[in-house]
Amino acid sequence: MACFRFAVEHHPATRHNCQQKRPSPPNPKIRRKTTHGVIMSAQSYQDSELYRIRHSLAHVMAEAVLERFPGAKIAIGPPIEDGFYYDFDLPQAPTDDDLKWIEKRMKKIIGGNHAFEQQEISAEDARQLFKDQPYKLELIDDLVNGRVDENGEQIAEPAETLTIYTQNKFVDLCRGPHVESTKNLNANAFSIRHRPVAGAYWRGDEKREQLTRIYGTAWPTPDELKDYLHQLEEARKRDHRVLGEQLDLFIIDPLVGKGLPLWKPNGAILRDTLERWLRQLQIDSGYQPVISPHIGNLELYKTSGHYPYYKESQYTPVDVDEEKYLIKPMNCPHHIMIYKNDLRSYRDLPVRFAEFGTVYRYEKSGQLSGLVRVRGFTQDDAHIFVTPDQLLDEFKGVVKLFQTVFDTLGMTDFRARVGIRGEGDKYQGSDDLWQKATDAILAACQDLNLNHTVEEGEAAFYGPKLDFVLRDALKREWQLGTVQVDYNLPERFELEYVGEDNARHRPVMIHRALFGSVERFVGILIEHFAGKFPAWLAPVQAMVIPVADGHNEYAHSIAAELREAGLRVGVDDGKGRMNKKIREARGLHIPYMLIVGDKDIEAGTVSVRLRTDEDLGALPRADFKALLLEKDRTRALELA
RNA sequence: GCCUCCGUAGCUCAGGGGUAGAGCGCUUUCUUGGUAAGAAAGAGGUCAUGGGUUCAAAUCCCAUCGGAGGCUCCA
């Protein structure tokens, strides 16, 4: 039985946009990191007509672009989740007028009913054909020399012949497949102006040429295109940055600093409610609270290996007396020092230290985004020290905590990702320890029947991990919670416990964060609920709305009584009509509106209207209090 | 950090080399209304900041800051 519910399983849309140079993993379940996903399996998407339509449109776009910019160099142009793109090296950036012209030209080419003709040619002929196309020449070289294909994937054998596709006046090196003819393309079911033109590095390598990427979105019918564009608009409305302002949750002010959010009272209530819940959950699960400072001696991070392994993400150390101190990028070394302060017996283990620890990491300015990518954030961090025998059970226990968190919040649309070591020298520790840690995680996933993918190069520098990845309103993926198995830091810090045999042994560490970063989690949560938080999380749980001024006193007495019970209740005693107050409360997604007028005063009731427009009618005030207290206590997702 | 685009009232946005515009919101007055827009009047902007071009710049150019999307990165 599956331990986790999945609404859909995400797969990479395509490997075309995955241009990394690592060798292909042998295990077909293992995949690379990708920024796109689709709601169908990768294989069925690649076999679909829609995939061929999008791929063919990319070629049509390239033809139009070459007409507009005769000197342009073409790179690659694959289908993606919602359409396609093509990368060009252009003499100048295309203007909006250029894009309009290109789009119009594409429609014309489509109307020409040109066949997509496939042809096999020798490498030599291909080099001649693409002699003015340096990016194609590079692709040809890599294909025939058996290095990598156009997607940066290592290929098994050198290609003996290459395929080209021709439509109208455009020839491209391409293995297809395509539609038969531009007849199969709908000139009114695509757009190349739904997104700004983007810069994209050739082969995904920051050190190489930056090309101009033009994105297109394409669908089988014009109606589906319209629906998609409408969905995009709707998604922007649930963007946590938009809702954050609308609901007065947080701000990011340049005078304070980029990536350093300020929590306004409403946001702070939301966050604090989540934190108090999690604290209690952790105490109930045998965790102990610890607290550590915001800076630490650089020597600490040298011992842990964070410095210099993640030097790039850390702020320059500050001088304190004769020593260097680092602004805390991680909590683990601190928790380790707390563990180390006492001699531990096997009987004490597992030792579970938890802290809402705020860390600061340097992120490139172009990376920052609302609450989901910031420079200072709070991890709901915990470090668990176990005997090797306890590892598997403890790991599973942590995964069950995730289940509780996700279930409580009704978050079902996430995926679990096991991040294993990739190529490169960023990883610390022996192969043997890595294997042990990886095996433990995979065994836990197996035992729990947890649906997961395995991805290379997604591990932490000290160990492999299991991550929970969710999508935001615009379908971008973000890593939230994480559980990591670590044999390395106990080694580096020479951690010990006394075993049954009265000898010293080395514990294993589990690093885990359920929310990941509280900031990011709240950001995703805002989008998950579209600002319509369940009653227990809503900053204002109920708004009392007097029918007329004369009912203000009664309204305040209702609010006072509910506040007395620990509930968050406001009174809209301002000027203006009741209708307007209802409209405003709805705009703020306040769960309950309590309308009070003469009838209610007389009967001692409140007339309850939900933000869903459902009308509960007049309830005795004590009944409503009991209702809201129950919803609050049980963290109910439903209001009625 | 890089590429493209954007920055005009509290918000959403129009305009555009010659005295600054709309809707919503806000304030005031009238209205005291039983479940999503009652009426009228009014306040509010160095057009992100700093330079430059010009008789004249919110408008054109450059730089800086900030934002959006994408790339790269993400312990």
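Domain bounds here come from an automatic or database domain assignment. On that basis, chain A splits into domain 1 (48-235), domain 2 (244-292 + 331-529) and domain 3 (542-634). The C-alpha centres of domain 2 and domain 3 are 40 Å apart.

A few ground rules first. This is a predicted model, where local features need pLDDT of at least 70 and side-chain atom pairs count only at pLDDT 80 or more, while totals for chains, interfaces and linings use all residues. Residues are numbered from 1 along each chain as its sequence is written, and chains are lettered from A and ligands numbered from 1 in the order in which they are written.

Let's start with the RNA. A residue is near a strand like this if its C-beta atom, placed from the backbone, lies within 6 Å of it. There are 58 residues around RNA strand B, and G199, S313, G366, A548 and G597 come nearest. They divide into 20 nonpolar (Ala, Val, Leu, Ile, Met, Phe, Trp, Tyr, Cys and Pro), 18 charged (Asp, Glu, Lys and Arg) and 20 polar (the others, Gly among them).

Which helix gives the most to this surface? That's α17, with 6 residues. Helices (H or I, at least four residues) and strands (E, at least two) are DSSP runs, numbered from the N terminus. At least two residues each also come from β11 (198-201), β12 (210-218), α18 (598-603) and β31 (605-610).

Now for the strands, which pair if DSSP finds at least two bridges between them.

| Pair | Bridges | Residues standing opposite |
|---|---|---|
| β7 (117-122) and β8 (161-167) | 6 bridges | I121 and L162 |
| β8 and β9 (170-173) | 4 bridges | Q167 and F170 |
| β17 and β18 (323-327) | 3 bridges | D319 and K324 |

The hairpin of β8 and β9 has 2 residues between the strands, and N168 takes a positive phi near 50° there.

β18 also belongs to an open sheet of 3 strands, in the order β16-β18-β17 with antiparallel pairing. β16 (295-297) and β17 (318-320) each have a single partner strand, so one side of each edge strand has no neighbour in the sheet. From one strand to the next, the twist averages 40°.

Finally, a helix pair: the axes of α2 (residues 49-68) and α3 (residues 96-111) come within 9 Å and cross at roughly 125°. Axes are lines fitted to C-alpha atoms, for helices over the stretch in contact, with angles running from 0 to 180 degrees between N-to-C directions. That angle makes α2 oblique to α3, oblique being whatever is left after roughly parallel (under 35 degrees), roughly antiparallel (over 145) and roughly perpendicular (65 to 115).
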